[in-house]
Amino acid sequence: MPPSPRALAAATLLVAALAGCAAPSGGARSEPSRTEAAARPDRPAGPPGLPGMPPVLDPRDVYAADRAGKLAPAVKDFPSRVYVPNTNSHTVTVIDPATYKVIETVPVGNQPQHVVPSWDLKTLWVNNDLGDSLTAIDPATGRKGRTVDVSDPYNLYFTPNGRYAVVMASMDRELVFRDPQTMKVAKTVPVDCAGVNHADFSADGRYFIVSCEFSGELLKVDTERMKVVGQQKLPLQGAMPQDVKLSPDGSTFYIADMMAHGMWVLDGKAFTTPELLPTGKGAHGLYVSRDSREMYISNRGEGSVSVFDFARNQLTKKWHLPGGGSPDMGGVSADGKVLWLSGRYDAEVYAIDTASGKELARIPVGSGPHGLAVYPQPGRYSLGHTGVFR
C-alpha cells in the first residue's frame, strides 16, 4: 500500500477442561489407545496453546474450521455482502456478491483503511485511520452503529483467545492492546520500527509476527506478555512488507512485499532470516483457499494473482486481470469459488473465479478502495484484518 498522507507527513491450543483431564475417582487416568484417538479427529493435540484459545481442530491444519460453507451459528443468517472501504471517499461501498451490484454506500470516518470482523463475528469494524476512530457495522442488517475514538487505527487484530483487540497504530509507532468490546486501552506497546500494519498468529496463539512497512522490518510479539521479543531487518534494501499469513501446518509465515515483488518465507519459531520467493510486481495480499491447499497472492503492481501450492511448496499458476488493474486486499467467498480483491488505484473491485482465474466482474466503487471484507465467512472466530478465521 502507498504511504498514507499521514505517513508521508510523519515519514492454544486451549488446555483441556479440568473436568476432562481429571483422573477418575480411585485411580490414575489411562491414555486412549491409537484406535480411540483416531476415532476422535477433533480432539486437541500438541503442546498447550494460549490460555483461553479455542482448541485447534486439526494440528495439521489451522484453517480446518474454514471449510466451504461451514458458517458459525452466529453468522449463518447474515446476508452475504462485500464491504469495501474507500480511503479517499471516506465511505464503505456494500456489494451484493450474487448480483455484483452496489446496494449501498455508507459514510464513515476519514480515510477508512480496512473492514475487520470482530473476534466474536458479530461486528464489522471500519478502521478510520486519519479519523482516529472505529465505526461499527452490524452485518446482520448492514446498518452503521457507534463510532469509537481510537488513535491511528490503521489495522485491527484480535488475540486468539478473544481477550484483546490489537490496534496497529502505524504512525503512532505502537501496538495497542484494547478491550475487544469497549476498545478501552489495556496496554500500549511502543515499537522501534516504522509502519506496523499486518500480522498473523502462530498455531498455538502464543506469538504473532508483525510487518513494519516503512522500515522494512519484522517483529515477533509474545501474545500473553504483550511484549516484542524479536525484531529483524529484511535482507533487501527498500523492502516494504505487507500482508502476513501462516501456513496451514503452522510451520511457516509468509509475508508479501510490494518492493521485493514476492513473499518472504519465515520460520516464525526460530525467527531466522527469511528467504524470498518472487511472485510478481507489487505483491500485497495473501489469501488461503477453502481447502487449505493453495494461497492466492495479489500482485498489485502488475494486475495479477499468483497461486502458491502448499504441498508442492511452489507457485503453480498466475492469473492476469484483463486490461490490467491494481489488485490489493480482499478475501475468499464462503463457498470458496470467488476471490474478491479491491482495485486500489482504479476505484473498482474484482471478482475472480478461483477454479479458472477468470475475471467474473469488475465493479466501480469509491476512490482508493482498500481492505475489503467478504462477509460472512466460515470459521469459529476472527483474528482480524479483512477476515483471518480459525
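Predicted model: local features only at pLDDT ≥ 70, side-chain atom pairs only at ≥ 80, totals over all residues.
Two strands count as paired here if DSSP finds at least two bridges between them.

Strands β10 and β11 form a hairpin with six residues between them. Within the turn, Met183 has a positive phi of about 65°. The pairing of β10 with strand β11 (residues 185–190) is antiparallel and extends over five bridges. One of the facing pairs puts Val176 opposite Thr188 in β11.

β10 also has a partner in strand β9 (residues 165–169), and these two run antiparallel with five bridges joining them. Met168 stands opposite Leu175 in β10. The hairpin of β9 and β10 has four residues between the strands, and there Arg173 takes a positive phi near 55°. Strand β10 itself, residues 174–178, is mostly covered, with four of its five residues buried. In a regular strand, side chains alternate between the two faces of the sheet.

A disulfide is a covalent bond between the sulfur atoms of two cysteines. The count for this model comes to one disulfide. Cys193 and Cys212 form this bond, with their sulfur atoms 2.1 Å apart. Cys193 lies in the loop between β11 and β12 (196–201), while Cys212 is in strand β13 (residues 207–212), so the pair ties together parts that are 19 residues apart in sequence. The disulfide is left-handed because the torsion about the S-S bond of Cys193 and Cys212 is about -55°. Both Cys193 and Cys212 are buried.

The chain as a whole can be described next. Its secondary structure comes to three helices and 28 strands. Of the 390 residues in the protein chain, 57% are buried, where buried means under 20% relative accessible area. The protein chain exposes about 15500 Å², and carbon and sulfur atoms supply 52% of that area.

The largest cavity contains about 170 Å³ of space. It is lined by 15 residues, and the closest to its centre are Asp66, Val288, Arg290, Gln377 and Gly387. Strands β20 (283–288) and β24 (327–332) each supply at least two residues of the lining. β20 gives the most, with three residues. By class, the lining of the largest cavity has seven nonpolar, five polar and three charged residues.

Key. Residues numbered from 1 in each chain as written. Heavy atoms only, no water. Buried < 20%, exposed > 50% of the residue type's maximum accessible area, 1.4 Å probe, protein only. Areas by Shrake-Rupley, 256 points an atom, 1.4 Å probe, with all protein chains shown as cover. 1 Å grid on protein atoms, 1.4 Å probe; cavity = no way out; pocket = protein on both sides within 12 Å on 5 of 7 lines; lining within 4 Å. Points joined across faces, edges and corners; volume = space filled by probe spheres on them. Nonpolar A, V, L, I, M, F, W, Y, C, P; charged D, E, K, R; others polar. Disulfide = S-S within 2.5 Å.
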